[in-house]
Amino acid sequence: MFRVTTEPLSVQQVNDLVKRPTDGAVVIFDGIVRNNFDGRPVHYLEYEAYAAMAEKKLAEIGAEVQQKFAIGEIAMIHRIGRLDIGESSIVIAVAAPHRHAAFEACAYAMDRVKAEVPVWKKEFFADGADHWVNQN
Amino acid sequence: VTQALATLVCQYPMLEPYMANTRLSLHMDFVDPETTLAEGDELVLIPPVSGGA
């Protein structure tokens, strides 16, 4: 499942989406809103997305990852809207018969998401300032 | 696409400084500036993405 949602994410739910009896491993990446940006205190974040394209890109990345690694199911859910410190912004779950493929596929999928999925993060600092994060 | 962007930047010069970092999308896929637009196509400007965590 590949989705963009405003609802809080549940790691357990995403885990359950991918697990099958033939899989010996599920690797989960749980992306968390951090309380600072290079040491500057962050109050909260806002994520915006071009949601239709973001879901399409997530699905394409999922298919690419399944081609590249010996894995079973993969699910990626990205949350958008206002997120407070400690909340999950993205959960990626990869199930595989064996652990190595699941670890590698999960890390690879996350790198691809950061590069290709039209989602934007705005940081609101404790001192009242804000900025769009530009990772280029 | 190149032509459409030139027209756009001409009308909205404030976009100019951002164009070097802007990617282009058509029908929810990234496209090159050399792509030819058809009547009714919706060209989307994608600023640097910063999703994930």
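Colleague: Which residue of S7(A) stands opposite A:Met76?

Modeller: In this predicted model, A:Met76 faces A:Ile92 in S7(A). The two strands concerned, S5(A) and S7(A), run antiparallel and are joined by five bridges.

Colleague: Why do S5(A) and S7(A) count as a pair of strands?

Modeller: Two strands pair if DSSP finds at least two bridges between them. Five bridges join S5(A) to S7(A), so the pair meets the definition. Strands themselves are DSSP runs of E with at least two residues, and helices are runs of H or I with at least four, both numbered from the N terminus.

Colleague: What conventions apply to numbering and to the model?

Modeller: Residues are numbered from 1 along each chain as its sequence is written, while chains are lettered from A and ligands numbered from 1 in the order in which they are written. The model is predicted, local features need pLDDT of at least 70, side-chain atom pairs count only at pLDDT 80 or more, and totals for chains, interfaces and linings use all residues, with side-chain values based on heavy atoms and with hydrogens and water left out.

Colleague: Why are S1 and S2 of chain A called edge strands?

Modeller: The open sheet has four strands in the order S1-S5-S7-S2 (chain A), and its pairing is mixed. Strand S1 (2–5) and strand S2 (25–32) each have a single partner strand, so one side of each lacks a neighbour in the sheet. On average, neighbouring strands are turned by 10° against each other, direction ignored.

Colleague: Why is S7(A) described as largely enclosed?

Modeller: Buried means under 20% relative accessible area (exposed over 50%, partly exposed in between; 1.4 Å probe, protein chains only). Nine of the nine residues of S7(A) are buried, so the rest of the structure largely encloses this strand.

Colleague: Is A:Ala105 buried or exposed?

Modeller: A:Ala105, in helix H3 (residues 99–116) of chain A, has 0% relative accessibility, so this residue counts as buried. A:Ala105 touches A:Val65, A:Phe69, A:Ile71 and A:Val94, not counting residues up to four places away in sequence; contact means heavy atoms within 4.5 Å.

Colleague: Which residues of H2(A) make the contact with H3(A)?

Modeller: The axes of helix H2 (residues 51–68) of chain A and H3(A) come within 10 Å and cross at roughly 145°. The contributors from H2(A) are A:Lys57, A:Leu58, A:Ile61, A:Glu64, A:Val65 and A:Lys68. On H3(A), A:Ala105 is one of the contacting residues.

Colleague: How many residues of this contact are nonpolar?

Modeller: Seven are nonpolar, none is polar and five are charged. Ala, Val, Leu, Ile, Met, Phe, Trp, Tyr, Cys and Pro count as nonpolar, Asp, Glu, Lys and Arg as charged, and the others, Gly among them, as polar.

Colleague: What pattern does chain B follow along its sequence?

Modeller: Chain B reads α-β-β-β, and 28% of its 53 residues are buried.

Key: Axes are lines fitted to C-alpha atoms, for helices over the stretch in contact, and angles run from 0 to 180 degrees between N-to-C directions.
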